[in-house]
Amino acid sequence: RSFVNSIGAQIGINGDFYDTNPPYPPSGGLYFTDVVHNGVSNGVAYSTSSSNGQSIFNVSASKVARVLRAAGAGTSNTMEGVTLYNAIGGNQRLVTNGVNTTSPTDPYTTALNPHTALGVTFSGNVLLVTVDGRQTNYSEGMRTDEIADLLINHFNARDVLNVDGGGSTTFVIDDSNDA
C-alpha cells in the first residue's frame, strides 16, 4: 500500500517471477534477484524474455492492452511485431482467444495456489485478477485451469496470463478518495 501511495497510483498488483539462482551477493544487508520475464515501463526494457514464445501482457502507449508472445530469449521483441510499452511476462498462458490453454499435466496447473493473472476480454476490457489461498477453512486457492474457466465463462476473457502466485500474490486499491 505504501508503494502505491508513494507513486500516486490507484492500484497495485504484484507480478512476475524471479530467479535467485545463482544467489546474488547482498548489498547493504539486502538481497537482489533477477526478474525472469519481460519487464517494460514507458517503453524502457528492464528485463527481457527468458524464452521464445513466452507470453507477455502489454499496454501500449495508446492504452491498448494485449497478451503477446516473445520473439526470442534475451529480447523485448514480440512475434506480433508490437513494440512493448508497459509490459510484464508470466509463467503460464491461461486463455488464448477465448479457449482454456492450460496444460492438464503441468503440476502448476493442478495445484491449489494463490494466483495473480492479467488479461483482456473480447470487448477490450482489462482483467486484473488475484486469488487468495493457503488459508485453511477460508481459501485454499485455485488451479490455473479453474481460473481460466472462470474468466472465460463469467468475464468473456479472450487472453489471460498468470503473472504471479503463492505468498507474493498481492492486489492493493487506493480507497482513500484523495484523487
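Strands β9 and β10 run antiparallel and are joined by two bridges. That pairing belongs to a predicted model, in which the chain has 14 strands and three helices. Of the 179 residues in the chain, 36% are buried. Here's a quick tour, starting with the sheet that holds β9 and β10.

**The five-strand sheet**
- The sheet is open and antiparallel, with its five strands in the order β10-β9-β13-β11-β12.
- β10 (99-100) and β12 sit at the edges with a single partner strand each, so one side of each has no neighbour in the sheet.

**The nonpolar cores**
- The largest nonpolar core has twelve residues: Leu94, Val95, Ala117, Leu127, Val129, Val131, Ile147, Ala148, Leu151, Ile152, Ala157 and Val160.
- At least two residues of this core come from each of β9 (92-96), β12 (126-131), α3 (144-155) and β13 (157-165).
- The top contributor is α3, which gives four residues to this core.
- Isoleucine 147 touches Leu94, His115, Val131 and Met142, once residues up to four places away in sequence are set aside.
- There is also a second, separate core of seven residues, and among them are Phe57, Val67, Leu118 and Leu161.

**Around β6**
- Strand β6 (residues 55-59) is mostly covered, with four of its five residues buried.
- One antiparallel partner of β6 is strand β7 (residues 65-69), and the two pair over five bridges. Asparagine 58 stands opposite arginine 66 in β7.
- The hairpin of β6 and β7 has five residues between the strands, and lysine 63 in this hairpin takes a positive phi near 65 degrees.
- β6 also runs antiparallel to strand β8 (residues 86-89), and four bridges join them. Valine 59 has asparagine 86 in β8 as its bridge partner.

- Serine 47 lies in strand β5 (residues 44-47). Serine 47 counts as buried because its relative accessibility is 12%, and the cut-off for buried is under 20%.
- The side chain of serine 47 reaches the backbone oxygen of histidine 37 at 2.7 Å.
- Apart from neighbours within four places in sequence, the contacts of serine 47 are Val35, His37, Asn38, Gly39 and Ser76.
- Threonine 83 is in the loop between β7 and β8. Threonine 83 counts as exposed because its relative accessibility is 66%, and exposed means over 50%.
- Threonine 83 and glycine 43 are 40 residues apart along the chain, yet their C-alpha atoms are separated by 8.0 Å.

**The chain overall**
- Take the contacts in the chain with a separation of 6 or more: 61% of them are between residues 24 or more positions apart.
- The chain exposes about 10,000 Å², and 52% of that comes from carbon and sulfur atoms.

Conventions:
Residues are numbered from 1 along each chain as its sequence is written. This is a predicted model: local features need pLDDT of at least 70, side-chain atom pairs count only at pLDDT 80 or more; totals for chains, interfaces and linings use all residues. Side-chain values use heavy atoms; hydrogens and water are left out. Buried means under 20% relative accessible area, exposed over 50%, partly exposed in between (1.4 Å probe, protein chains only). Two strands pair if DSSP finds at least two bridges between them. A nonpolar core is a set of buried Ala, Val, Leu, Ile, Met, Phe, Trp, Tyr and Cys residues joined through side-chain atoms within 4.5 Å. Contact means heavy atoms within 4.5 Å. Accessible areas come from the Shrake-Rupley method with a 1.4 Å probe; for residues, only the protein chains shown count as cover. A polar contact is a pair of N or O atoms within 3.5 Å; within protein, one must be able to donate a hydrogen and the other to accept it, and residues adjacent in sequence count only if both atoms are side-chain atoms.
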